[in-house]
Amino acid sequence: MSTLSFFIKNQGQILQLTLEHLWLVGSSMLLAIAVGLPLGILLTRRRALSKPVIGAANIVQTIPSLALFGFLLPAPWLGERADRLAITALTLYALLPVIRNTYTGILGVDPGVREAARGMGMTDGQVLFQVELPLAMGVILAGVRVATVITVGVATIAAAIGAGGLGEFIFRGVAMVDNRVILAGAIPAALLALLLDLLLGLVERKLTYAH
Amino acid sequence: MNEAQETVIEFRRVSFRLANEHLLLSDLSLSVRRGETLTLLGRSGSGKTTTLKLINRMLEPSTGEVRVEGRSTLDWDPIRLRRSIGYVIQEAGLFPHFTVERNIGLVPQLERWAPEKIRARVHEMLALVGLPPERFLSRYPRELSGGQRQRVGVARALAGDPPFLLMDEPFGALDPLTRVEIQREFRALQERLKKTIVFVTHDVREALLLGTRIALLEEGRLVGIYTPGEFLHAPDPIAATYVAAYRAGDANSNL
Ligand SMILES: Nc1ncnc2c1ncn2[C@@H]1O[C@H](COP(=O)(O)OP(=O)(O)OP(=O)(O)O)[C@@H](O)[C@H]1O
Ligand SMILES: [Mg+2]
């Protein structure tokens with residue numbers, strides 16, 4: 001059976017695992033943004049914290065993914081469900097680019113512009129939401145894009161702990177020494193990464209002021 | 001007290017030092033009267049911008065106090081204080097992600113004016129600084145020349161109709177011809193608007209042309225305050241240096 005006909009025959013399962021994959025990536029990215037964006041903003045206000053926090057996020061990224069899944073396995077609430085565990089680990093991975101880009105993006109805003117904003121009588125919140133975040137948006141979204149692409153890749157390994165996703169095909173294919181099965185996981189994963197990158201690129205262009 | 005003589009901004013023995021103890025301003029005392037234009041003249045690094053920022057509490061005095069409308073700036077809510085003081089920043093400081101319209105309408109928007117009122121005000125301000133609204137409203141600052149940016153900076157500072165105006169070398173980036181032109185327009189504007197203005201410049205000619213009085217700063221100290229007439233005959237050697245430069249410039253332009 002050719003790879004193509006294998007794909008067609010298994011399209012239902014490919015679709016289901018792709019959706020699972022998307023669920024893992026989507027929820028961990030939302031969590032990473034929900035945590036990383038405020039944290040990155042906080043670091044620009046408490047710069048002394050930036051070294052230890054970004055350093056810690058850096059260290060997390062250097063832990064091999066399989067090992068990170070393993071480390072989290074005995075954790076009480078997390079270890080109960082494989083997808084919970086996977087999403088936590090993926091969030092930890094995605095955190096660094098989000099925090100770092102938020103931090104450097106905001107610090108990169110022209111100090112003269114920030115000064116003007118304060119001088120016009122903007123409150124701290126208005127400076128943040130009307131000036132700093134919009135001007136840093138390009139850099140922040142670039143971080144989100146990088147994190148998303150990384151997460152799509154790392155999420156294939158989540159199948160090793162039974163969290164599902166396209167990694168199922170890859171691990172199964174490796175075990176069966178069947179390239180068609182490996183490709184049934186690898187190709188949709190690669191396409192997913194490209195697609196999300198493209199989509200976020202569009203969002204970036206839409207939300208960034210200078211085209 | 002005579003209305004025209006009423007002091008509305010006052011420095012009382014103000015000094016300002018950085019966290020590293022470096023002294024930027026020492027023992028500065030001066031007062032600005034309602035409706036006047038006080039020019040702060042001094043060379044680069046003499047403390048002109050620092051003096052302005054003490055007025056709208058972008059900086060706080062290390063000793064002494066700055067009073068606006070009879071109240072120490074430290075007793076003002078900084079947001080309220082700044083919204084009642086128009087601020088034209090050195091190098092314009094426009095928001096690069098806002099159109100000209102949003103830049104100028106910023107303070108009215110912060111003050112929650114009705115949208116139609118903001119629009120009308122923005123049109124009025126653009127016309128006031130000599131930029132045809134229909135051509136400039138939807139441009140971004142990067143689509144303007146340096147001089148146009150400075151005009152927008154002035155329009156933005158005026159939009160909220162603040163009683164005070166701080167202007168930090170607002171015409172610095174202009175060629176001499178445009179500069180003379182915009183100075184003349186500004187004088188006419190002054191007559192009409194009757195704001196209390198503190199105007200920073202390092203150009204003697206500009207200080208003499210626009211100031212009802214001139215405060216001369218040198219290395220963070222006040223050398224003296226003069227009317228233009230007094231300044232031209234001031235006995236102080238530093239003032240005399242400026243006057244000599246001014247007369248030399250005059251001689252050149254008469255060649
Ligand atoms: N935050 C700061 N840190 C260190 N030095 C500063 C700071 N702010 C101002 N200075 C120094 O204080 C002095 C006065 O600065 P200020 O900006 O008031 O000068 P100025 O008269 O406005 O000069 P210019 O005409 O060049 O704008 C300068 O020597 C400047 O280098
Ligand atoms: Mg200055």
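**Figure 1. Surroundings of Thr196(B) in the predicted model.** Thr196(B) touches Val8(B), Val32(B), Arg33(B), Arg34(B), Gly35(B), Glu36(B), Pro163(B), Phe164(B) and Leu165(B), leaving aside residues up to four places away in sequence; contact means heavy atoms within 4.5 Å. The structure is a predicted model, in which local features need pLDDT of at least 70, side-chain atom pairs count only at pLDDT 80 or more, and totals for chains, interfaces and linings use all residues. Residues are numbered from 1 along each chain as its sequence is written, chains are lettered from A and ligands numbered from 1 in the order in which they are written, and side-chain values use heavy atoms, with hydrogens and water left out. Thr196(B) lies in strand 8 (residues 196-201) of chain B; helices (H or I, at least four residues) and strands (E, at least two) are DSSP runs, numbered from the N terminus. With a relative accessible area of 2%, Thr196(B) is buried (buried is under 20% relative accessible area, exposed over 50%, partly exposed in between, with a 1.4 Å probe and protein chains only). Its side chain reaches the backbone nitrogen of Gly35(B) at 2.9 Å.

**Figure 2. The interface of chain B and chain A.** In this interface, 21 residues of chain B are in contact with 17 residues of chain A. The area buried between the two chains is about 1,700 Å², with 65% given by carbon and sulfur atoms; buried area is the accessible area (1.4 Å probe) that two parts lose on being put together, summed over both. Met58(B), Phe95(B) and His97(B) supply 30% of the area that chain B buries against chain A, more than any other three residues.

**Figure 3. The salt bridge between Glu115(A) and Lys53(B).** One salt bridge is found across the interface of chain B and chain A, the term denoting a side-chain nitrogen of Lys or Arg within 4 Å of a carboxyl oxygen of Asp or Glu. The closest N and O atoms of Glu115(A) and Lys53(B) are 2.4 Å apart. Helix 2 (78-83) and helix 4 (106-110) of chain B are the elements that give two or more residues to the side of chain B that touches chain A. Helix 4 of chain B provides the largest share of that side, four residues.

**Figure 4. Strand 6 of chain B and its pairing with strand 7.** Strand 6 (residues 85-88) of chain B is covered on both faces: Ile85(B) and Tyr87(B) on one side, and Gly86(B) and Val88(B) on the other, are all buried. In a regular strand the side chains alternate between the two faces of the sheet. Strand 6 pairs with strand 7 (residues 164-168) of chain B in the parallel sense over four bridges; two strands pair if DSSP finds at least two bridges between them. Ile85(B) stands opposite Phe164(B) in strand 7 of chain B.

**Figure 5. The open sheet of four strands in chain B.** The strands follow the order 2-1-4-5, with antiparallel pairing. Strand 2 (23-33) and strand 5 (71-72) of chain B stand at the edges, each with a single partner strand, so one side of each has no neighbour in the sheet. Strand 1 (residues 7-17) and strand 2 of chain B pair over seven bridges in the antiparallel sense, and Phe11(B) stands opposite Leu30(B) in strand 2.

**Figure 6. Positive phi at Arg57(B) and Glu219(B).** Most residues other than glycine have a negative phi. Phi of Arg57(B) is near 55°; this residue lies in the loop between helix 1 (48-55) and strand 4 (63-68) of chain B and is buried at 16% relative accessibility. Glu219(B) has a phi of about 45° and lies in the loop between strand 9 (213-218) and strand 10 (221-226) of chain B. Glu219(B) is exposed, with a relative accessible area of 69%.

Definitions and conventions. A polar contact is a pair of N or O atoms within 3.5 Å; within protein, one must be able to donate a hydrogen and the other to accept it, and residues adjacent in sequence count only if both atoms are side-chain atoms.
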